[in-house]
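These are my notebook entries on a structure with two chains, set down in the sequence in which I looked things up.

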Amino acid sequence: MLANNNKLLILNIKSIIFILSLIPLCRLFYLGWYDALGANPIEFIERSTGTWALVFLMLSLSMTPFRQWSGINSFIQYRRMLGLFMFFYACLHILTYVWLDHWFDLNEIANDITMHPYILVGFTAFLLTIPLAITSSKAMMKRLGGRWKLLHQFVYLIGILAVFHFLLLVKKDHTEPLVYGAIFFSLIALRIAYRFRRYFKPVVL
Amino acid sequence: MLITKKSDVIPSDITPKEIFENRRTLIKVAGASLVSATGLFTGLINHAANAASNKQKISGFTKTKYGLDEKLTPYDDVTTYNNYYEFGTSKSDPSIESRLFKPSPWTISIEGAVKKNKQIGVEELFKLAPLEERIYRMRCVEGWSMVIPWVGLPLSKLIQWAEPTSNAKYVEFISLSDDRMMPGQRIQVLDWPYVEGLRMDEAMNPLTIMALGMYGEVLPNQNGAPFRLVVPWKYGFKGSKAIVKIRFTETMPKTSWVKAGPNEYGFYANVNPTVDHPRWTQSSERRIGGGLFTPRIKTQMFNGYAEQVGHLYAGMDLIKNF
């Protein structure tokens, strides 16, 4: 009975996360419909979808430390959905770039990737998310066994590349990408701290 | 304790001041029309009927042949999408953060290699030469562009008035440094004040103008009020805004963006689709004002003004001197 209740709660929370995660997309449609995307709407959509991909990456990476430090194991249940939303917004980000910004001009896109480091870094990060999205199902998890965990360690590299992509793209004011960088490294630090927690004195909260 | 200084301008003050200036203008019109039949700037300002808006119409400027075939970028886009770091690094910042900026009274100091140092007020500047409307393309180094109908006068008229000596090889433009009116300057994103420069022949080229207005109205604060430089064959950052000092020099001025990133921004900064930027494609551009499904357009050498300015760079390596 208790286990069933718990399952229902997790399902409800998952539904809420799912709906909340679609708000950034709905907002873009809303602004687009009312012609309120600003002077450069394509840039607006590129920035918005890129930012949300980064936010969902951070959210998915925060589930493990939340679970570790709170002792509430169910946090891990939301990680996959958050990770897949990161992939969803990253796909929209790339689609906007390839379609709206460059109209599938593969020549120009190829030049952009080879000439501009931030595009190369961002594109690499995107390519790395594809195998993770494909192997995100429970069945794939079982099939890959121990290798699944190894493969999904790539998320840390994706995080570094994504923040670096943002940092390189900014012209002068680096505050925003540095904030994401700080969050990313805090999430890593929390994991490391958890691993070595027995060396710390007990903290009463 | 936090001491906050009350702003010098309270919203209720703005309208009476306009009425006051309007009266002053009327008096000047009366005087000017007695002296001369030619339109002087002071007599040509009509205040917009809408008291809530700060827009002041300029009439009496002559239309020119420049850019008549171009489709103008919507006014709202030109006034809300600005790179003007003195008012913040986001493009939506300047239209909001420049509201308390006061573009008058205003004087420019002329110094350096000149016969003698001089000062000129905005009103006098308006009278130096007949005002012209020039519809120019503006290409930003970030890969977007606009078409803006500027109202202004050729910079050469101001330079002739300034009487530079034969030592003057370059002109340096120094913008206002005032972090009370320009809150973006509280952060050292650039080495304030903003400094730009041109070679003498570039400055004297008939295409180079000092703009005092756009869309037939006095320049909005976020677009560089009270006046700004417009050099249409160069990337937008060459167009200094809110200039307070013009200095004639013998050596190449050290300009703000060159100091900020010497491998990214050059002194010449001519629009050149063949010289790439480490961040942005320079072979094509996005014309602001198009919809979501409007493709980019090809960037032209010297932003399409090669015929008028190409000769200035004859024999120069434009890849090295980017």
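**Entry 1**

I began with L212(B), which touches F126(B), V151(B), G152(B), V218(B), L219(B), P226(B) and F227(B), leaving aside residues up to four places away in sequence. Two residues are in contact if their C-beta atoms, placed from the backbone, lie within 7 Å.

I noted that the model is predicted, that local features need pLDDT of at least 70 and side-chain atom pairs pLDDT 80 or more, and that totals for chains, interfaces and linings use all residues. Residues are numbered from 1 along each chain as its sequence is written, while chains are lettered from A and ligands numbered from 1 in the order in which they are written.

I then looked up the largest nonpolar core, which has 71 residues; W150(B), V151(B), M210(B), A211(B), L212(B) and I243(B) touch the most other members. A nonpolar core is a set of buried Ala, Val, Leu, Ile, Met, Phe, Trp, Tyr and Cys residues joined through C-beta atoms within 7 Å. A residue is buried if 20 or more other C-beta atoms lie within 10 Å of its own, exposed if 12 or fewer, and partly exposed in between. Strand β7 (residues 144–154) of chain B gives the largest share of this core, six residues. Another core, of 22 residues, lies apart from it and includes M86(A), F87(A), V121(A) and L161(A). In soluble globular proteins, nonpolar side chains tend to be buried together.

**Entry 2: the two chains**

I counted elements next. Chain A has 10 helices and zero strands, and chain B has nine helices and 15 strands. Helices (H or I, at least four residues) and strands (E, at least two) are DSSP runs, numbered from the N terminus. Of the 205 residues of chain A, 23% are buried; of the 322 residues of chain B, 41% are buried. The C-alpha trace of chain A spans about 55 × 40 × 40 Å along its principal axes.

**Entry 3: helices of chain A**

How do helices α3 and α4 of chain A pack? I found α3 (residues 41–70) and α4 (residues 79–101) at an angle of about 160°, with their axes 8 Å apart. Axes are lines fitted to C-alpha atoms, for helices over the stretch in contact, and angles run from 0 to 180 degrees between N-to-C directions. α3(A) and α4(A) are therefore roughly antiparallel; angles under 35 degrees count as roughly parallel, over 145 as roughly antiparallel, 65 to 115 as roughly perpendicular and the rest as oblique.

For α4(A) and α6(A) I noted an angle of about 140° and axes 10 Å apart. These two helices are therefore oblique to each other. L84(A), F87(A), A90(A) and I94(A) of α4(A) meet F126(A), T129(A) and A133(A) of α6(A).

Is helix α2 (residues 23–33) of chain A buried or in the open? The number of buried residues among its 11 is zero, so α2(A) lies largely in the open. D35(A) follows α2(A) and has a positive phi, near 55°.

**Entry 4: where the chains meet**

I found 16 residues of chain A in contact with 16 residues of chain B. On the chain A side, α3, α5 (106–115) and α6 (117–134) each supply at least two residues, and α5(A) gives the most, with three.
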